[in-house]
Amino acid sequence: MRINYQSDVIFTTFIRVFGLVLKFIMMLSMGKYALESEVGRFAIIVTLVAYSSQVLGLEFHYYSIRQIQKGKFDQLVMIRDQVVFHIATYILLLPVLYLVLYKFIGVVFIGILMAIIFFEQISQEMFRVVSALQHPVKATILLFIRTAPWMIFTVYVLYGESDKGFLVEIMPYWLLSAFTSVILSIYFLKKEVGKFIFFQKINICWIIEGIKSSIPFIMASVSFGLFSVLDKIVLNQIIGEELLGVYYILLSLAVGHYTIVTFSVGIYYGPRVL
């Protein structure tokens, strides 16, 4: 078991480092080949996707993951109830999110952007569930599938010649990567989830308790995450998309080490601490 544990740590760390190297190469490629204004628009879109996915999930995972780890109730039923909660939040929040993002993005990207946000959020929740069930290798694979393919394609597009701008070309592949990650996560979980969970009563009290417990996390995360959105939007208004693109590339390169620490260490010790 110790050998397997060590090999799993090596594998997940290698995948995370490889993903970070890919992002590093993508950032360098943007800096060398892409128009600064296009990188500036990319920075705004990436930030809006990350923040919108966070808001859409309402940080319910802070409660649900703890409960899954404690094992006080049936884990699979709790996962089912979490799915029910997210379906309700999607119905309520997606129309509002559409109206808000439309003002920033416009008609060109709004449709595919909403699809990316939707599948990114589901993929993130699946990643957390698989991690909570203590399958770090599977969780790492899901994360890799969600992030790596479209970054590789972005580098390919940037090295080629594109008269439409790289954003138009990469967004469908970004969506495909997130969608594939969701399908793969369902495949990973299908052996653990039986049909019986669909015939059990939904635990409304558990969901309500989760909402109450998540409120402080929602307020903190939304407030903190808002700064990462506002700085891009404000800088875009003050210095323009060209310099915003330069700022985004340098910022992405500077904080890259945080990703390694979060996912190579946290993915193992996080569920145990919770």
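How many cavities of 30 Å³ or more does the structure hold? The structure holds one. This is a predicted model, in which local features need pLDDT of at least 70, side-chain atom pairs count only at pLDDT 80 or more, and totals for chains, interfaces and linings use all residues. Residues are numbered from 1 along each chain as its sequence is written, and side-chain values use heavy atoms, with hydrogens and water left out.

**The cavity**

- Rolling a probe the size of a water molecule over the atoms shows where empty space is left.
- A cavity is a set of points, on a 1 Å grid over the protein atoms alone, where a 1.4 Å probe fits but cannot get out.
- The largest cavity has a volume of about 40 Å³. A volume is the space filled by probe spheres set on the points, which are joined across faces, edges and corners.
- Its lining consists of Ser53, Gln54, Gly57, Glu59, His61, Gln121, Gln124, Glu125 and Arg128. Lining residues have an atom within 4 Å of a point.
- The lining of the largest cavity has no nonpolar, six polar and three charged residues. Ala, Val, Leu, Ile, Met, Phe, Trp, Tyr, Cys and Pro count as nonpolar, Asp, Glu, Lys and Arg as charged, and the others, Gly among them, as polar.
- Helix 2 (36-57) and helix 5 (110-132) each supply at least two residues of this lining. Helices are DSSP runs (H or I, at least four residues), numbered from the N terminus.
- Helix 5 gives the largest share, four residues.

**Helix 2 against helix 5**

- These helices pack at an angle of about 55 degrees, with their axes 9 Å apart. Therefore helix 2 is oblique to helix 5.
- Axes are lines fitted to C-alpha atoms over the stretch in contact, and angles run from 0 to 180 degrees between N-to-C directions.
- Angles under 35 degrees count as roughly parallel, over 145 as roughly antiparallel, 65 to 115 as roughly perpendicular and the rest as oblique.
- Contact (heavy atoms within 4.5 Å) involves residues including Ile45, Leu48 and Ser53 of helix 2 and Leu113, Ile116 and Gln121 of helix 5.
- The residues of this contact divide into seven nonpolar, five polar and two charged.

**Helix 3 against helix 4**

- The axes of helix 3 (residues 61-70) and helix 4 (residues 75-105) come within 9 Å and cross at roughly 170 degrees. Helix 3 is therefore roughly antiparallel to helix 4.
- His61, Ser64, Gln67 and Ile68 of helix 3 meet Gln75, Met78, Ile79 and Gln82 of helix 4.
- This contact has three nonpolar, five polar and no charged residues.

How values were computed: 1 Å grid on protein atoms, 1.4 Å probe; cavity = no way out; pocket = protein on both sides within 12 Å on 5 of 7 lines; lining within 4 Å.
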